[in-house]
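Me: I have a structure to read and want to learn how. Please take me through it feature by feature.

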Amino acid sequence: MRLMALVLALMTTVADLQGQVTKQSFGKTPDGTPVDIYTLKSGALEARIITYGGIIQTLKVPDKSGKVADVVLGFDSIDGYAGGPKPNPPYFGAIIGRYGNRIAGGKFSLSGKTYEVPKVEPTNALHGGVKGFDKVAWKGKEIPHGVELTYVSPDGDQGFPGKLTTVVRYTLEGNDLKIDYSATSDKDTVVNLTNHSYFNLSGQGNGDILKHEVKINASRYTPVDANLIPTGELAPVEGTPFDFRKPTAVGARIDSDDDQIKKGHGYDHNWVLDSEGKKMAEAAEVFDPSSGRVLQVLTDEPGVQFYTGNFLDGTLTGKEGKTYVHRAALCLETQHFPDSPNHPKFPSTELKAGQRYHTITIFRFSSR
Ligand code: BGC
């Protein structure tokens, strides 16, 4: 009996260690705000999340022989993320809000009122404004297997109506890094949150992702105009370079003579998931033949922005002094469709005062 109790106690300790969360300082932003880094562990998996921008700074994953590598792009210190005149231009690893992706003309109307949000690009708002959720300090709190981040965005922040209280919970359990987003507002508003991790399953800084094989469970996508704003059409992927219903190498058609590919400078489009955001389902799977690592993305969102790092050009130096070449990583940003506030036919991004926005995305890792 006593032996049994001892074994049980030992098993609990091992389980506790597996779900271990530790917190350290990650320095200060240029304006003196302290930033913490939370380390989450599950078996050989390790995720490190910083309170600035809710950024996934490190994500260590074993390959088919058990060798661990960091599979996300980023910076070694807070300066990379928060310093300089234009910090973290690609939004490496960050939580994007209040509105992921573009809003045409930086304008939309809601309940008869027109709102203007700052244009980050010459003609569009992008990723929540000049100072979006990727550039603010979140309040961190340890929770079982993870960290809970809270940010209260005041009414009118970046032009958006309503005081928005956002809570993002990152947990690492089994093979899953789960992101649970929730938000409430005191006025009717629009919300579209996502995470902007850049994955390279061969290890960050290890060349490009053109040989990664991608599957996206979507029969349609939203074609864009020259400013990367959806035209409103839900076009079939059939017979186009956008058909990833069967696993296909990213590079197989990325430079094809296709008008949409040219507009995106590669892939930079929203896919309309067959699950339609009605249930938790697999959106995409990525397989890296060289390491055997597999990333599955599951979500209850109706769309995923598949972006192939077309604007990376080798000028940024990231973690461990690695340079990030053209297409050094890919993003699978689960979300509602870009510019939804201006497309009444798209699934709505409206959040009514007092109601709760809630969405979950899981990054699931394995190897084969
Ligand atoms: C956009 C890209 C943009 C990237 C970094 C993606 O979500 O679709 O066009 O370059 O984010 O900002």
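Reply: Start with the labels. Helices (H or I, at least four residues) and strands (E, at least two) are DSSP runs, numbered from the N terminus. Keep in mind that this is a predicted model.

Me: Then let me use those labels. Where is His265 placed?

Reply: His265 is in the loop between H3 and strand E21, which spans 268–273. Its backbone deserves a look. Most residues other than glycine have a negative phi, and most peptide bonds are trans. His265 is not a glycine, yet its phi is positive, about 55°.

Me: Is His265 buried, exposed or partly exposed?

Reply: His265 counts as partly exposed, at 46% relative accessibility. The cut-offs behind that word are under 20% for buried and over 50% for exposed, with partly exposed in between.

Me: Which other residue has a positive phi although it is not a glycine?

Reply: Asn88, with a phi of about 40°. Asn88 sits in the loop between helix H2 (78–82) and E6. It counts as buried because its relative accessibility is 3%.

Me: Now the peptide bonds. Which type, cis or trans, is the bond from Gly97 to Arg98?

Reply: That bond is cis, with omega near 0°. Find Arg98 in the loop that runs between strand E6 (95–96) and strand E7 (102–104).

Me: How many salt bridges does a search of the whole structure find?

Reply: The search finds 19. Lys263 and Asp259 pair through their side chains, at 2.8 Å from N to O. Both lie in helix H3 (residues 259–264), four residues apart, which is about one turn of the helix. Lys263 is partly exposed, at 24% relative accessibility. Asp259 is partly exposed too, with a value of 48%. There is also a network: salt bridges that share partners join Lys141, Glu148 and Arg169.

Me: Are Asp134 and Lys135 buried or exposed?

Reply: Both are buried. Their side chains form a salt bridge, 2.6 Å from N to O.

Me: What is the distance between the closest N and O atoms of Glu46 and Lys41?

Reply: They are 3.8 Å apart, and the pair is a salt bridge. The two partners fall into separate classes. Glu46 is buried because its relative accessible area is 15%. Lys41 is partly exposed because its value is 36%.

Leaving aside neighbours within four places in sequence, Gly19 is in contact with Lys41 and His145. Gly19 lies in the loop between helix H1 (2–18) and strand E1 (21–28). Its relative accessibility is 15%, so Gly19 counts as buried.

Me: How do I read the nonpolar interior?

Reply: In soluble globular proteins, nonpolar side chains tend to be buried together. Here the largest nonpolar core has 58 residues. Those with the most contacts inside it are Leu59, Tyr170, Ile216, Trp271, Phe306 and Phe365. A further core lies apart from it, with 23 residues, among them Tyr52, Ile55, Ile96 and Tyr198.

Me: Which residues does Ile216 touch, not counting residues up to four places away in sequence?

Reply: They are Phe244, Arg245, Trp271, Leu273, Ala283, Ala284, Val304 and Phe306.

Compare that list with Thr222, which is in strand E18 (residues 218–222). Thr222 counts as buried because its relative accessibility is 0%.

Me: Last, the ligand. How many residues surround it?

Reply: There are 13, and the closest are Arg102, His127, His196, Asp268 and Glu333. Read the polar distances next. An oxygen atom of the ligand is 2.4 Å from an N or O atom in the side chain of Asp268. For Glu333, a polar side-chain atom lies 2.6 Å from a ligand oxygen. For Arg102, the distance from a side-chain N or O atom to a ligand oxygen is 2.7 Å.

Me: What area does the ligand expose when taken alone?

Reply: It exposes 310 Å², and the protein buries 95% of that.

Conventions:
Residues are numbered from 1 along each chain as its sequence is written. This is a predicted model: local features need pLDDT of at least 70, side-chain atom pairs count only at pLDDT 80 or more; totals for chains, interfaces and linings use all residues. Side-chain values use heavy atoms; hydrogens and water are left out. A salt bridge is a side-chain nitrogen of Lys or Arg within 4 Å of a carboxyl oxygen of Asp or Glu. Buried means under 20% relative accessible area, exposed over 50%, partly exposed in between (1.4 Å probe, protein chains only). A nonpolar core is a set of buried Ala, Val, Leu, Ile, Met, Phe, Trp, Tyr and Cys residues joined through side-chain atoms within 4.5 Å. Contact means heavy atoms within 4.5 Å. A residue is near a molecule or strand if one of its heavy atoms lies within 4 Å of it. A polar contact is a pair of N or O atoms within 3.5 Å; within protein, one must be able to donate a hydrogen and the other to accept it, and residues adjacent in sequence count only if both atoms are side-chain atoms. Accessible areas come from the Shrake-Rupley method with a 1.4 Å probe; for residues, only the protein chains shown count as cover.
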